[in-house]
Amino acid sequence: MIIAKKKPMEEIIEEVKDFDKILVFGCNECVTVCEAGGKKEVEVLASALRMYFMTHGGEKEIFEKTVERQCDHEYLEEIRKDIDNYDAIISLACGVGVQFTAEKYLTTHLIPGVNTVCLGANEDRGLWTERCQACGSCVLAKTGGICPVSRCAKRVLNGPCGGSTNGKCEISKDVDCAWQLIVDRLKALDKLDDYEKVAPVKDWSTDRAGGPRTVTREDVNI
Amino acid sequence: MRLKCPTSFRIVRVPCTGKVDAIHMLRAFEKGADGVFVVGCMEGDCHYNQGNFRARKRVEQVSEILEKVGVGGDRIKMFNLSSGEGPLFAEYSIEMDTKIRELGPSPIKKGKKVKNANAA
Amino acid sequence: MKVNTQSNLEKVLKAGHLGVTSECGPPRGSDPEEVKEKGSLIKDHVDAVNVTDNQTAMTRMSSLAACVHLKLMGIEPVLQMVTRDRNRVALQSDILGAASFDIPNMLCLSGDHQSFGDCAQGQNVHDLDSMQLVQTVRHMRDEGKFLGGDDIKRPPKIFVGAAANPFADPFEIRVPRLAKKIACGAEFIQTQCIYNLDKFEEWMKQVCDRGLHEKTFIMAGMTPMKSVGMAKYMKNRVPGMDVPNEVIDRLAGVDKKDQAQEGIDICVEAIQRLKEIEGVSGFHIMAIEWEEKVPEIVERSGLYPRPEV
């Protein structure tokens, strides 16, 4: 899922201080699971903003709403009837939701309430870690199911680099060396010989390098 | 046991402090409470294993928010005691009452008054 | 053995001599005199001089420019190139730029992560990795083509090397990783600094068992210790470095003022021992900000004078 992190309150306050009617707008999907932008976080942020403006003069109306998904037309339509009530929307969805909402409601100011961090997994309570960078051409079949693109700080396809020490990355003792994990997994699969197959120069045109990406499916487009 | 407690607070009973969410505490402040204290079981004695630990984390979280929005992080505190410790409960309630009186009324109340005056 | 380039280093190695290289880090400024001075200190005692590419991710004068300064002084450079800062367009372009000055050697590296340097907030590129960069140089030289497939007018004639760390993790792939670099086309290898000679010899034996020493020239990396403090720092702080306690104890066992000389002695003794090891084709002496000591090390190790080939 998409992992996001709450923006500092100060930053949000700075962005919204000139608006009077503000919707705090949550999303029920990924940001709910990573506890950054679901219904609960909407309530807490809205309450905090109300208290901030109560104690700092500004008279504001703060509204709350959380929809199933901000990355889908039909759910975003739910706020259309009330859209004129808002001067600004603080969207707690990922960058996709923020933009999709902005595209739909052209004349309403949109402010992101979270920083979108990565595509990751719920590794532990309160710990979310990156697993994918959406490079657009998956190499996991060749790397023991562990991704060197997202999990190696240098996205080395023929790794490890010289900085791998005791299974950790040179950038931090808290970061696993992706290539240590790959070697360990290849060993467990009894495929360590595959390590010596050289990964060719990668086609990064399917990555962000190739420009905004689109998936078009004629078979489901009716 | 007839113990003297301040009359300044209202008790909201919950089955476990783990039930207390950040928004419950924030709402109390938003509605004008000058302080909130959360009283849970002794750490390690939770019937739901981690309820009171969750509560402690949430109290910390709310305290940070209150500090940032100008209400003051000292207005909220978590206490732990066992169900047989009535006198300790009384002691904690006095401690909290004294503390809040020192801090004075919540700035939210002032904000509300200004707002009502403007409306009138 | 067929010589592919004008590289003196290639000729020395292929003639069966032990090769000697050293390194020179470009300055953090635009004064070329620093590079020239470092170069002139060592030029008679080495076959070629590596010029580092923004090592430890600290912004410095470009490796290519510093190489040109050395080349114009008649010193043969080894252009170090990291994949951290340039994509395949820039890498190929710089390879051609180097070849235009007839810089005949290159060492392909991934480069330290930018978080170590002065631009920790910068992007990194890593369009290619170090092995793919080796492949790229070989492709440009041997096929005379760009990665995109077009012909190159006057392809670069460059002798290509890569780095290896005999002590790196994961240990299972220390030798396979070297094999992979050779398969990509690395003609010479410069290793990480060696202090643990026993462990290096063990690695070398495995390398020879696979016959890898016949497919590339392995130059053992040597860095003299200036003090016991430096030894401890290398042991504890530098990733992938294996400094045995004996080295630290030996340095600690002499007066502070004699530690530098002791460090040189340790280095010379190590070279003398490794000279006799099968598979060692030469030495890469990295005297960090201590270039003036390179002549002494080379002479005392019996590697002077350098052969004329």
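Analyst: In chain B, 72% of the contacts with a separation of 6 or more come from residues 24 or more positions apart. Keep in mind as we go that this is a predicted model. As for what chain B is built from, you'll find four helices and two strands. Start at the N terminus and the elements come in the order α-β-α-β-α-α. Buried residues make up 29% of the 120 in chain B.

Now, who does chain B touch? Chain A is a partner: 17 residues of chain B are in contact with 14 residues of chain A. On the chain B side, the elements that put in two or more residues are α1 (22-30), α2 (51-69) and α4 (107-119). The biggest giver there is α1(B), with six residues. Sort that side of chain B by class and you get nine nonpolar, two polar and six charged residues. Chain C is another story: no contact joins chain B and chain C, and their closest C-alpha atoms are 28 Å apart. Two pairs of chains touch, and the pair with the most contacts is A and C.

So let's look over at chain A. Chain A has seven helices and nine strands. The radius of gyration of chain A is 22 Å, well over the 17 Å that the globule rule gives for 222 residues, so chain A is more spread out than a compact globule. Along the principal axes, the C-alpha trace of chain A spans about 65 × 45 × 25 Å. Buried residues account for 39% of the 222 in chain A. Take the contacts in chain A with a separation of 6 or more, and 56% of them are between residues 24 or more positions apart.

That leaves chain C, and here there's a barrel to trace. Eight strands of chain C close into it, in the order β1-β2-β3-β4-β5-β6-β7-β8, with parallel pairing. On average, neighbouring strands of this sheet are turned by 30° against each other, ignoring direction.

Helix α3 (residues 63-72) of chain C lies across β2 (48-51) and β3 (77-82), and runs at about 180° to β3(C). Further along, look at α9 (residues 245-252) and α10 (residues 259-274) of chain C, whose axes come within 9 Å and cross at roughly 140°. The crossing of α9(C) and α10(C) is right-handed. From α9(C), the contact is made by C:V247, C:R250 and C:L251, and these meet C:Q259, C:E262, C:G263 and C:I266 of α10(C). By class, the residues of this contact split into three nonpolar, two polar and two charged.

Back to chain B to finish: chain B is in contact with chain A through 17 of its own residues, while no contact joins chain B and chain C.

How values were computed:
Residues numbered from 1 in each chain as written. Chains lettered and ligands numbered in written order. Predicted model: local features only at pLDDT ≥ 70, side-chain atom pairs only at ≥ 80, totals over all residues. Pairing = 2+ DSSP bridges. Axes fitted to C-alpha atoms, helices over the stretch in contact; angles between N-to-C directions. Contact = placed C-beta atoms within 7 Å. Nonpolar A, V, L, I, M, F, W, Y, C, P; charged D, E, K, R; others polar. Left-handed = near helix turned anticlockwise from the far one by under 90°. Rg over C-alpha atoms; globule rule 2.2 N^0.38 Å. Buried ≥ 20, exposed ≤ 12 C-beta atoms within 10 Å, placed from the backbone.
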